[in-house]
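Hi,

Here is the structure I said I would pass on.

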Amino acid sequence: MRVYGRFELPPDKAELHRRAVRLEWWTIVFFLVAISLLAVTLGQSQAMKAAWIEDMLGLVPPAAFLVAARFRNRRPTERFPYGYHRSVSVAFLAGSVALLSLGGYVVYDSVMRLIAKERPPIGLVELFGQRFWLGWLMIVVLLATMVPAILLGRVKQRIARELHDKVLFADAEMNRADWLTAGAAVLGILGIGAGLWWADAAAALIIGADIVRDGVRTTRAAVADLMDEAPSLVDGSGPHPLPRELLAAVLDHDWVADAWLRLREEGHVFVGELLVVPVADTDRLTERVEELERFARAFNWRVHDLVVAPVTAIETADQGAIRGSDRREIHSSSGLR
């Protein structure tokens with residue numbers, strides 16, 4: 001059996017990961033510029049304030065991704081014998097909690113301003129010898145920040161699906177929220193210009209509610225990962241098909257009479273246990289078990305730390321096992337419950 005050490009991504013995935021790292025550095029640069037521009041044009045607009053806060057919040061996911069990228073493939077130690085793969089999950093949780101916390105603040109602040117019926121003034125500003133309404137400058141800055149957010153979010157979402165990186169996917173969702181926030185802020189500023197005093201706070205409330213929604217969803221997913229939930233797709237839309245496919249492939253070995261598989265996610269990789277019931281009078285059992293372990297790891301790059309053990313029988317399905325006696329059932333249902 002293999003002694004597990006440092007984990008390395010396959011060459012094609014490693015190149016994608018390096019691209020993701022570069023994108024995250026560009027994201028940080030973009031948000032620093034956006035934060036500076038919004039700070040200059042902030043004024044008294046609640047919607048602009050919400051957009052400014054969200055841009056500051058947008059620094060958290062890329063920073064968490066970059067920190068996790070430095071730890072995820074470190075060798076196991078005596079203190080951390082399973083390695084540092086969960087650094088990705090910890091980073092995912094940190095970004096999610098930050099998202100939820102600041103979203104809650106924006107919602108609270110916006111509701112208080114609506115109750116108080118505050119009328120935010122947007123005055124005139126002089127630029128290059130010309131005086132004009134500050135709201136136009138606010139709108140220009142907001143529109144300028146929308147395009148990079150849209151492009152970054154789309155590219156990162158595609159890479160996140162290929163790497164199965166939930167931190168990167170959460171960051172892509174943050175970029176989506178950022179350009180939606182900018183759009184809502186534009187509407188709020190135009191509402192102020194039209195004399196609708198409540199439009200600004202209402203736009204900020206919509207922005208805050210969207211942030212909270214993303215924060216609740218990502219925090220739930222991050223906690224579920226740390227609680228060893230069954231592997232799921234990167235967007236949380238359903239169970240991951242790999243456990244079912246791997247179990248079906250294991251049962252195709254002619255010396256395996258029955259099998260049971262349990263996997264959990266640790267960052268980019270899956271770890272767990274595989275129990276197999278060999279057919280009667282199986283020779284070279286130790287060698288076959290080692291070959292099966294190598295087969296499982298080669299089956300998909302995400303199968304990393306898998307303990308394969310022969311047993312005389314597998315308990316009933318009340319312990320999460322799927323019996324291999326009916327091959328059609330295994331091929332048509334999940335391999336992990």
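This is a predicted model: local features need pLDDT of at least 70, side-chain atom pairs count only at pLDDT 80 or more; totals for chains, interfaces and linings use all residues.

Residues are numbered from 1 along each chain as its sequence is written, and side-chain values use heavy atoms, with hydrogens and water left out.

Let's start with the cores. A nonpolar core here is a set of buried Ala, Val, Leu, Ile, Met, Phe, Trp, Tyr and Cys residues joined through side-chain atoms within 4.5 Å; buried means under 20% relative accessible area, exposed over 50%, and partly exposed in between (1.4 Å probe, protein chains only). The largest core has 28 residues, and Met48, Leu57, Leu142, Ala185, Ile189 and Ile207 touch the most other members. Helix 2 (46-57), helix 4 (87-116), helix 5 (134-163), helix 6 (166-193) and helix 7 (197-226) each give two or more residues to this core. (Helices are DSSP runs of H or I with at least four residues, strands are runs of E with at least two, and both are numbered from the N terminus.) Apart from that core lies another, of 25 residues, including Phe65 and Ala222.

Next, the salt bridges, meaning a side-chain nitrogen of Lys or Arg within 4 Å of a carboxyl oxygen of Asp or Glu. The count comes to 14. One of them joins glutamate 24 and lysine 156 at 3.2 Å, N to O. This pair links distant parts of the chain, with glutamate 24 in helix 1 and lysine 156 in helix 5, 132 residues apart. Glutamate 24 is buried, at 0% relative accessible area, and lysine 156 is buried at 0% too. Elsewhere, Glu15, Arg18 and Arg22 are linked in a salt-bridge network.

Strand 3 (residues 256-266) is largely enclosed by the rest of the structure, because nine of its 11 residues are buried. It pairs with strand 4 (residues 269-278) in the antiparallel sense over 10 bridges; two strands pair if DSSP finds at least two bridges between them. Arginine 262 stands opposite glutamate 273 in strand 4. Two residues sit between the strands, and glycine 267 takes a positive phi near 70 degrees.

Last, the outside: tryptophan 26 lies in helix 1 (residues 11-40) and is exposed, with a relative accessible area of 60%.

Cheers
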